[in-house]
Amino acid sequence: MSVSLARKNQNRKTNQPGSPGGLARYVLAATLARSADGGAVVAIVLLATTSGAPGWLAGILGACITAPHLFGPLIARSLDTAKDGRTVIAWACVVHGATLAAAVLLFPVSPPIVPGLLLIASGLVGPLLTGGISSRLAAIAGPERTSQRRAQGWDVATYGISGTIGPSLVAAVSAWANPATAALILAGSTFVAAAVIRLLPYTPPASVAAEVPRPGRTLLMMISNGPLRRTLYMTVVVALSVAALPITAVASTGELGVAPAAAGILTAAYGLGGLLGSAGVMIRPLQTDADPLMTWLAAAVGIALGGAAIAGIFPTAVGAFACAGVLNSYFFASTLAARSEYAPAAARGQVFVWIGALKITAGSAGTALAGALVAPATRLPLYLAAGLVVSAVVVSLVDRHLDRSRS
């Protein structure tokens, strides 16, 4: 009995938070999983359109894998109740990959409802591949604030890299072979991600399952908790606002006096800026408390969006888009810090997934709104986006002041 206990304690020591190699495995697993999550919708839409299916069906199938992200928090409680959260996330990767592969293989030979249902199942576990994986980072990085913030820079980078790798892989493989092959490669990457996630350092559950709140109670707790409430609405507002950038990039090339293809340079500048911002967080981690830091970084993002809106020449627009990418990465890192530092231990996984799911939903809504508003006035979405962010900044300042007054 004593030998078994000693061996168990030894295993815990070797897998303690902050152990060497844990962050590298985390980055690999997160990049693989999030590349699949981000590229899947592109692969599905390409698969439908190249097979001769009508555009409305391609849109519905794409929505089947993106819309269910909003319901991810309903299954996120398992992250906080499980004896080993790695198992939950690994199984989510397996389910995501298996249902995506099945949908692709059955699409040519079954009614559309069959792949549609499979894609809904894939989308439901999608938030566990984004916010769910992020909830493991605090235990891997170690207890010091500097190491936590540096690791959050790596996490931001995985989102940026995945957002580029996933769609790019789909485009390259679709041109070389076909969209089905691209989707199957993405599905395979989730199986690899599941294996790597099982190699992450083990951390015991923070509380017993009976003490973990239900999803509804977790959301109410977030709304009643000042720092988490501000994290929630600031994340949603900024995600809704920056989603206008790619739409505006495409629509504004004529006014900027460049060819339509130059829109790719603007979006690439935004993406490169995001990677530079995440690198900046890694090199020089943020030290300010996350709650006020979010407010000031959101204000900076709003100013950058305003700069992109008023840019009259192409080089200035490129600089404004790049600046927006840098600042948005810093802002994103501050929201990850806020989730980690202000979430109660018993609901940490749910907090990450709730905010992550609402962020994805807000980004999709922002893209749709920008598309609707860009027709009457090319720069209108960016002006409105900048105004919305500045308004949220003012609200957060008042909100924080009221919290201090009550205390």
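1. Basis. The model is predicted: local features need pLDDT of at least 70, side-chain atom pairs count only at pLDDT 80 or more, and totals for chains, interfaces and linings use all residues. Residues are numbered from 1 along each chain as its sequence is written, and side-chain values use heavy atoms, with hydrogens and water left out.

2. Largest pocket. A pocket here is an open set of points on a 1 Å grid over the protein atoms alone, with protein on both sides within 12 Å along at least five of seven lines; lining residues have an atom within 4 Å of a point. Grid points are joined across faces, edges and corners, and a volume is the space filled by probe spheres set on the points. The largest pocket has a volume of about 1,600 Å³. Its lining has 43 residues, with Y159, G163, Y270, K359 and G363 nearest the centre.

3. Who lines the largest pocket. Helices are DSSP runs (H or I, at least four residues), numbered from the N terminus. At least two lining residues come from each of α2, α7 (126–134), α9, α12 (226–242), α15 (263–283), α17 and α18 (348–373). The largest share is that of α9, with eight residues. By class, the lining has 17 nonpolar, 22 polar and four charged residues. For these classes, Ala, Val, Leu, Ile, Met, Phe, Trp, Tyr, Cys and Pro count as nonpolar, Asp, Glu, Lys and Arg as charged, and the others, Gly among them, as polar.

4. Second largest pocket. The space here is about 360 Å³. It is lined by 17 residues, and R136, T203, P204, A206 and R348 are the closest to its centre. Helices α4, α8 and α18 each give two or more residues to this lining. The class count is eight nonpolar, five polar and four charged.

5. Largest cavity. A cavity is a set of grid points where a 1.4 Å probe fits but cannot get out. The whole structure has three cavities of 30 Å³ or more. The largest holds about 50 Å³. Its lining consists of S134, S135, L137, A138, Q148, Q152, D155, L336, S340 and F352. Two or more of these residues come from each of α8 (137–141), α9 (145–176) and α17 (314–342). Helix α9 has the largest share, three residues. Four lining residues are nonpolar, five are polar and one is charged.

6. Second largest cavity. What kind of residues make up the lining of the second largest cavity: nonpolar, polar or charged? Eight are nonpolar, with no polar and no charged residues. They are I44, L47, L61, A103, V104, F107, P115 and L119. The volume is about 40 Å³.

7. Helix α6 gives the most, four residues.
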